[in-house]
Amino acid sequence: MTSVVISCVFTWTGIDRAALGVLGAGQRLAQELSGRHTILILGSPSDDLVAEVARFADCVQVMSDPMLANYHSETTLTALTEACRQLNPAVILLGNDSYCQEMAPRLAHRLKGSATGDALSLKAEGEAVLVTRSVYGGKALATFALRRKPAVIWVRARAYDPARPQDASAEIVHMQLKIEEDQRVVLIDRQTQPQDAARLEDARVIVSGGRGLGGPEPFTHLQSLASAMGAQVAASRAACDAGWVPAGWQVGQTGKKVAPELYLAIAISGASQHIMGIADAKTIAAINLDPDAPIFHHCQFGLVDDYRKVVGPLREKIIELLA
Amino acid sequence: MNIVVCLKQILDPEMPSRDFRIDAATREADRGTAGLVMNIFCANALETALQFREQHGGKITVVAFGTSSAEEILRKALALRVDTAVLVQHDFAQRPNPWVAARVLAATIRKLGDFDIILTGRESGDWGDGQTGGLLAEEFSWPCVSFADQLNTDATKPGLVKIRRQTDQGSETVEANVPLVITVTNNDQNVPRIAKTRDVMQAFRQPLTNWSLADIGLDKQSLEECLTGTEVVELTIPIKQAHCELVTGETLEERIAGLAQRIVAVVQSA
């Protein structure tokens, strides 16, 4: 029997970079397993969205219900479980946003499968799926063999190459499932950051400051450097714990996991819990006074000097070069 | 309300990378001389429970599943004046995966009685599975609210709790009926408190329940279903391949210019 690999798309995120990464991972895994790549769209999708994802799979299963238009920890999970049950998949892939992380282990439990998350890479090996991810705060890499089907895996979505359009057009199936709304948990308020406050997770360029800055004031200099580069500002745990900047700026194991094209670490030593948050950055650069700082083991380029002498002139120079 | 907080003891995540070793045979971290600590998100969960009890009353039971050394974190919790502490001991060579942990914790909690809320940390600082809370909810068929950072209740609405959770886009506030499982993440309001010295001393004299798997009606065979399914097949310390090129130049000005050029090259190609 052909293995079915399901990649999940939810209409509240739509087809963003993360979703394309999940679909790309699903496409390649389905190929390795000589299986069928099936995209499950759940929520309240437009025809356009269905047509768009249909380019990336052999089959699109549409699970549409006005009740599913927004995420609900219980109702969404029930719908997802029922949909997957009908499709009898070998693998179910989800992204690594907080909703997916919440659902994945529970989905695996309900389907009597196996689960692991934050996958950096996936590989089929016989009947099993091998999943590699960071453990021990980035100090080690573990490979898990998921042997019990379905293997439910949430992946570091932005780290995967986006899906490529396929030649043949996908079969589109509208699923008919009766789902009851779960009243045990009721959403009473949803606060979203304003649109213009770009998310760190999506930032292309990040300038980040750490303990070595010594206080909140230097962050204003980092801010103007960042503006000159079109970057966002972030911070290490030490800087957030000290109260110099808001907790929402924190990058690392207990903060945000980012995937920019460039991550410029200023006065950040590079403890492994911080490195874990920037493992998906394409290029890492550092400015640090200490040539032995661990951050230099993770950088492509850097400068050993006192940031106080560097940040101002660097900003001038960058403005000049970008002009 | 009656609250259970699940606590996990882990290898100190602050230990330097250069001291980190692996036991290839068991595919586990080699403890070496590193310290063991309470997982930070578990400590955030405990703090959340303590604050909830201060405002609304109730009782707090802490449960740990681990080796005998995990008694330490339970004593720590007793020093913060939780009401009851229970250790379920195992002697597995390999780490119990989250499915095993959830099954064991569920059996333990069932034996302890009726509870309204089970709190767990969002994930652990060692293996970082981030699954135990969700799986525990499934063991009980209870709802689960994850990444919570605030917990409240209103005396006029018995049996309802109000939870604020962090999401990727911001936050959500939900109202939920007990019983339920809540996984807790860190924010500036649930920073773990420090115990008073007197309470630390007293904690060593407090009763602490020590159970084996048999005491909660489980054994390795009954956990077989949880032990198979996923297996750690490899554990390695990644070799740092990045070669950092330090920008050179006679003067600082030249070096800054060199750095600016490298930065601009990346930014423009992005």
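**Close-up views of the contact between chain A and chain B**

View 1. Six strands make up an open, parallel-paired sheet, ordered E13(A)-E12(A)-E14(A)-E15(A)-E16(A)-E15(B). Strand E13 (232-235) of chain A and E15 of chain B are the edge strands, each with a single partner strand, so one side of each has no neighbour in the sheet. Helices (H or I, at least four residues) and strands (E, at least two) are DSSP runs, numbered from the N terminus; two strands pair if DSSP finds at least two bridges between them. The model is predicted, so local features need pLDDT of at least 70 and side-chain atom pairs count only at pLDDT 80 or more, while totals for chains, interfaces and linings use all residues. Residues are numbered from 1 along each chain as its sequence is written, chains are lettered from A in the order in which they are written, and side-chain values use heavy atoms, with hydrogens and water left out.

**View 2. The strand pairing between the chains.** Strand E16 (residues 301-304) of chain A pairs with strand E15 (residues 245-246) of chain B in the parallel sense, over two bridges. A:Phe301 stands opposite B:Glu245, and A:Gly302 has B:Leu246 as its bridge partner.

**View 3. Helices on the sheet.** Helix H8 (residues 307-322) of chain A lies across strand E14 (262-266), strand E15 (283-288) and E16 of chain A, at about 125° to E15(A). Helix H7 (residues 252-269) of chain B also packs on the sheet, touching strand E12 (205-209), E14, E15 and E16 of chain A as well as E15 of chain B. The direction of this chain B helix makes about 155° with that of E16(A). Angles run from 0 to 180 degrees between N-to-C directions, with axes fitted to C-alpha atoms, for helices over the stretch in contact.

**View 4. Extent of the interface.** The contact (heavy atoms within 4.5 Å) takes 77 residues from chain A and 83 residues from chain B. A:Tyr136, A:Lys139 and A:Phe301 supply 12% of the area that chain A buries against chain B, more than any other three residues. Buried area is the accessible area (1.4 Å probe) lost when two parts are put together, summed over both; for chains A and B it is about 6,900 Å², 58% of it on carbon and sulfur atoms.

**View 5. A salt bridge across the interface.** B:Glu138 and A:Arg110 meet through their side chains in a salt bridge (2.8 Å, N to O). Eight salt bridges are counted between chain A and chain B, each a side-chain nitrogen of Lys or Arg within 4 Å of a carboxyl oxygen of Asp or Glu.
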